[in-house]
Structures are given as structure tokens and as C-alpha cells.
Amino acid sequence: MTHYLVRFSYVSRSIKSMVSQPGVDHAGQASAMVASVGGKLLGYWYAFGEFDGVVLMEAPDSSTAASVAMAIGGTGEVSRLSRRCARRRRPRICRLARQKDEAAMSVQTSQPKAPVIDTGAITQITDGVWVIPDTDHTPMVPNVGIVTGDRAALVIDTGFGPDNARAVIEQARRLSDGRPLFVTHTHCHPEHGYGANAISADVTILYNEAQWDELEVKGPILLQMFRKQLPALAPFLDGVEFVRPQLAYTGSMTMDLGGGLTVEFREFGGGHSLGDQGILVRGGASVLFTGDLVEEGTFGVLGDSDSHTAAWLDRVKRFEQLDPDLVVPGHGHPGGPERLTDYRAYLELATRRVAELRAAGGLSEAGIVDRVSTEVLALQPAWQNQMWARKAVEDLTWPARA
Ligand SMILES: [Zn+2]
């Protein structure tokens, strides 16, 4: 991953709004913006002199970095951009200023598959627990869970946009025969629950506090970014608003749905997002819904500077301690505990090998990233999102983020 330095100046109305709204988290907004295109914000500083501030970020390639820079400008928050090469402790520098190929800067126009939750594919995986599966790794389609007890039912994730949310709730109503419906989202990313406002009058929404705090800050930014970056999918996000959950918890919370089914909600933040939660259903077989802390057939996405490989490994180990019979990942096919083992294995390999090679000496940080990334990819050569395998390793070598 290459580093990019973006220098910017605020337009005057932005400065006015910074004075009148001093609590706005500009760094958080920028972080979410960069993360939404697969990068990571490494620093955000205000400055005196020619420019008002500087952003240092990692991005997968020059055209992605350019799109972020343009998106920042498109918000009206920035009046001028200058992209300079950043040279930190690792000698991998900005290519953006040298970018001569305008074609490489153009917006990707390929038509992605529509991110529609296929409610007809719903499958019962154990007593009272159903999954509407993401059967073919369709981008922006998560696994959706529906848990039906005697007294109430719970929906876990509602998909990308209001239409998907309405369709999922309709399916849940059919299964739960009019019992009260609770809805939770595994974390704050768009495909897991944007559009909850379309159903909030009919259900009780439940998040952990960190998740809501994160959604409140990053939600509008991610919404804007996804509309810009995925214009073909933007209509799915029409009408999205962010609504406060009616129920919130810190730490953990247990819910008795009746009929012998209990659900334990727990905070697991810091791996993939600040507000990650794990949801463990006990009744028949125990079922763990992991959100994007575990996916099937793909490397995990480090969302932004609030996510980190070390925390991620810790969270997966804690998932294993819950000893679930079945695991429903954020995306890809549900399975057994091997879903957790596979994730721990690659995160553990990255962590161990970086430490070993550093202790041995002789390789630069960049050399360590190259070596260990190759080893991680060799562990799961068929997995998608291979750039994120490298990202997981880079996270461990970045000196400011030990
Ligand atoms: Zn996610």
C-alpha cells in the first residue's frame, strides 16, 4: 500500500462552521472517507501557513487516492488540494504527483451486481435460527440472521438500503407470526444496516453505545462516499437516514426471546470497526454471528484507523472461547468453528512472522511486509481481497501504530 500526502485549505464557510461547531470530528470524517475506498487515514493535522491542514493516508493505488482527494473537494470542505510525495520511515512514496496517465484517474464504470437480499433463499440452520445467506459473495450483500422465539424475534443485519431492510422485516414477520421484532446490526458499515430508518417505527433497534457513536460520526460520510464511489448502487441508498437505537448497551447484554432461545450481545470493537459486536444465540446448537470480524473465503477489511490487526486477532480468539457450534460470518457461507480457526490462523501467522523477522534483523520493514504477505497469501491462496492480506501485515509494521 502506498502512502499519500494531501494538503488542503478550508473554504471560509467551513472555517465558520468549525468555529460554530467545534465538536465536529473532522479527522473521524476523513478517516471514514478514506476507509470506505480501502485505505487508511494515518494522520490528520491542522497547519499554519500556506495550507490549513495535512492528511497522510495509505491507499491501494493512485487512482483510489485521487478519488478520495476529489471526494474531499466535492464535499465543499476543501478549496484547494496539493498532493505531494510523503516520505516517512519506509521509502514507499506517493505516486500521485507523478501520475501521468489520466485514464488511470477515471472513475471505474463497471456495473456491479445489484446488492439485493434474496429472501427466498432463507435457510433454517438450527432450532429458531434462520439465515438469508450471501451465497455468492455479492458485494454489499451480508448474511442476514432471523432468530424466532416464543415471545419475540430478532433480526441481525438488514442489508444495503431501505428496500432491503423492508424486505428482510417482511420475511421476519412471516416467520415470527406477529411477535415483537428486535433489530440489530453487527456494525456500522453501509451494507449491514443503512436504511434502518425505513423500519424503525415498527421494530425495536438495538446497538452497543460505541456502535451508535461511530455510526453517528461516520454514517453520513460513508453514505456520501458510497454514493460517489458506487454510482450504479446509489439508488439503493435513497432515503437513508440515521436513527438512534431505542435500546443501547455497553459491555454485553442478554435477551430472552422465549422458547428456550437466549441471545447474548457483546462488544468486540477495535478489530474491524469501533462498534463491532458478536451475537451469540443459545438454544439448540449455539450460533455466533460475527459481523465482518470473520468472513468466509476472503481476507478481512481493516476499516479505518479504528481497526487494527492486533485487536482483530484478539477478538477472533475471544470468539473461539465462546465455543459456538455454528458460525455465521459477515459475508460468505456460514459454517462451523473452522470459520474462526481460519481467521485466527492468518492473523496469527502475520503477527508471529512479523515479530520473528523483526527480531532476526536483516530485513527492512518493507521487506518484512513483502515476505510475510507472501506467506499469508500462501496460507489461503484462493481467498478474495488479497490486498487486505498485505494490509493486515502492514498494520503490524507501521511504527506509529504498534
Ligand atoms: Zn464491515
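Q: Why does aspartate 323 count as exposed?
A: Count its neighbours. In this predicted model, aspartate 323 has 11 C-beta neighbours inside 10 Å. A residue is exposed if the count is 12 or fewer. So aspartate 323, with 11, counts as exposed.

Q: Where is aspartate 323 found?
A: Aspartate 323 lies in the loop between α8 (309-321) and β16 (326-329).

Q: What makes aspartate 177 exposed?
A: Use the cut-off again: 12 or fewer neighbours means exposed. Aspartate 177 has 8 other C-beta atoms within 10 Å, so aspartate 177 is exposed. Aspartate 177 sits in the loop between α5 (162-176) and β9 (181-184). Phi of aspartate 177 is near 55°, a positive value in a residue that is not glycine.

Q: Why does leucine 181 count as buried?
A: Here the cut-off is 20 or more neighbours. Leucine 181 has 20 C-beta neighbours inside 10 Å, so leucine 181 counts as buried. Leucine 181 is part of strand β9.

Q: Which residues does leucine 181 touch, leaving out those up to four places away in sequence?
A: Leucine 181 touches Ala153, Val155, Ile169, Ala172, Ser176 and Val203. There is also a C-alpha separation to note. Leucine 181 and threonine 204 are 23 residues apart along the chain, yet their C-alpha atoms are separated by 6.4 Å.

Q: How do you know that strand β7 is mostly covered?
A: Go through its residues, 144-148. Five of the five are buried. Now take the two sides. In a regular strand, side chains alternate between the two faces of the sheet. On one side of β7 are Val144, Ile146 and Thr148, and on the other are Gly145 and Val147. These residues are all buried, and both faces of β7 are covered.

Q: What makes β6 and β7 a pair?
A: Two strands pair if there are at least two bridges between them. Strand β6 (residues 129-132) and β7 have four bridges, in the antiparallel sense.

Q: What does valine 155 touch, not counting residues up to four places away in sequence?
A: Valine 155 touches Ile146, Val168, Ile169, Ala172, Leu181 and Val183. Valine 155 also belongs to the largest nonpolar core, which has 92 residues. Val147, Val155, Val316 and Ala350 touch the most other members of that core.

Q: What makes β12 and β13 a pair?
A: Six bridges join strand β12 (residues 252-258) to strand β13 (residues 261-267). The cut-off is at least two. The two strands run antiparallel. Methionine 255 has valine 263 in β13 as its bridge partner. Methionine 253 stands opposite phenylalanine 265 in β13. The strands form a hairpin with two residues between them, and glycine 259 in the turn has a positive phi of about 70°.

Q: In what order do the five strands of the open sheet run?
A: The order is β12-β13-β14-β15-β16, with mixed pairing. The edge strands are β12 and β16, as each pairs on one side only. Neighbouring strands are turned by 20° against each other on average, direction ignored.

Q: At what angle do α10 and α11 pack?
A: Helix α10 (residues 365-379) and helix α11 (residues 387-397) pack at about 140°, with their axes 9 Å apart. From α10, the contact uses Glu365, Ile368, Val369, Val372, Ser373, Val376 and Leu377. From α11, the contact uses Ala389, Arg390, Val393, Glu394 and Thr397. The crossing is right-handed.

Q: How many helices and strands are there in the protein?
A: There are 11 helices and 16 strands. Of the 402 residues, 48% count as buried.

Note on methods
Residues numbered from 1 in each chain as written. Predicted model: local features only at pLDDT ≥ 70, side-chain atom pairs only at ≥ 80, totals over all residues. Core = buried A, V, L, I, M, F, W, Y, C linked by C-beta atoms within 7 Å. Contact = placed C-beta atoms within 7 Å. Axes fitted to C-alpha atoms, helices over the stretch in contact; angles between N-to-C directions. Left-handed = near helix turned anticlockwise from the far one by under 90°.
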